[in-house]
Amino acid sequence: MKLLLIILLIAFVVLFLVNMILGRIWGFYQPLKWSSGGETTFVAELAILVFISSCLLGVIWDSEISALCVIFALPAAMISYISEGRARKRFLLKEAELYKANKREHPGIFDTLPPERLDDFDDEVFDLYDAGIATYLGTISRVDLKILIDRFELDGEQGPNDIFVFHEMVELAKEAGISEELETLLYQALEERDALYLRWIPRQVSLN
């Protein structure tokens, strides 16, 4: 049993390396993404591979080998931690530059706080933006907007504007009854980004 597990571990390592190296050479490899933002580098992925392999080998093998595995796992974990921090800094810098550039295309929209009360407006259609990078997404109906606000305010962590949305939250919004049009719009936007900050603005003040 132990031998079989080791063979499977070796196969995993080889396949991971082949995919990581040849994928980069041939252009089909998709880098891993850190949960804090940014993508992994080649060095970071090697460190992750060493850490996972060392931990698994330590579990499979006896105590003497386990102690040796720790020697490899700890530096690998440190390299991964440092790489994640650098990736996040690069990610935040890129986001800030993108926001600054896009903001020029929508003067006035992101210079003030967004509206908070949907009931203050009689509009049936609103403009929808990604406030994270100051981009225009399209329009949203009052019905869909009310569903989003009501659904995510229930979680107690979001307000009525700049609504944070990722893939799983679109599924929750679907269950709450949003239209197919809004569902399609959100999924299309999420093809380019991991998450959105949805900001709604009355159309009469939109400069699109």
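How do α1 and α2 lie relative to each other, roughly parallel or roughly antiparallel? I looked that up before anything else.

**Ground rules.** I'm working with a predicted model, where local features need pLDDT of at least 70, side-chain atom pairs count only at pLDDT 80 or more, and totals for chains, interfaces and linings use all residues. Residues are numbered from 1 along each chain as its sequence is written, and side-chain values use heavy atoms, with hydrogens and water left out.

**Entry: α1 and α2.** I find helix α1 (residues 2-26) and helix α2 (residues 42-60) packed at about 175°, axes 10 Å apart. Helices here are DSSP runs (H or I, at least four residues) and strands are E runs of at least two, numbered from the N terminus. Axes are lines fitted to C-alpha atoms, for helices over the stretch in contact, with angles from 0 to 180 degrees between N-to-C directions. So α1 and α2 are roughly antiparallel; the cut-offs are under 35 degrees for roughly parallel, over 145 for roughly antiparallel, 65 to 115 for roughly perpendicular, and oblique for the rest. In contact terms (heavy atoms within 4.5 Å), α1 brings residues including Leu-5, Phe-12 and Phe-16, and α2 residues including Phe-42, Leu-49 and Leu-56. I read the classes of this contact as 16 nonpolar, one polar and three charged. Ala, Val, Leu, Ile, Met, Phe, Trp, Tyr, Cys and Pro count as nonpolar, Asp, Glu, Lys and Arg as charged, and the others, Gly among them, as polar.

**Entry: α5 and its two partners.** I checked helix α4 (residues 142-153) against helix α5 (residues 167-176): their axes come within 10 Å and cross at roughly 115°. That makes α4 roughly perpendicular to α5. On the α4 side I see Ile-147, Leu-148, Arg-151 and Phe-152, meeting Met-169, Leu-172, Ala-173 and Ala-176 of α5. This contact splits into seven nonpolar, no polar and one charged.

Next I took α5 with helix α6 (residues 180-190), which pack at about 175° with axes 10 Å apart. That makes α5 roughly antiparallel to α6. From α5, His-167, Val-170, Glu-171 and Lys-174 meet Glu-183, Leu-186, Tyr-187 and Leu-190 of α6. I get four nonpolar, one polar and three charged residues for the contact of α5 with α6.
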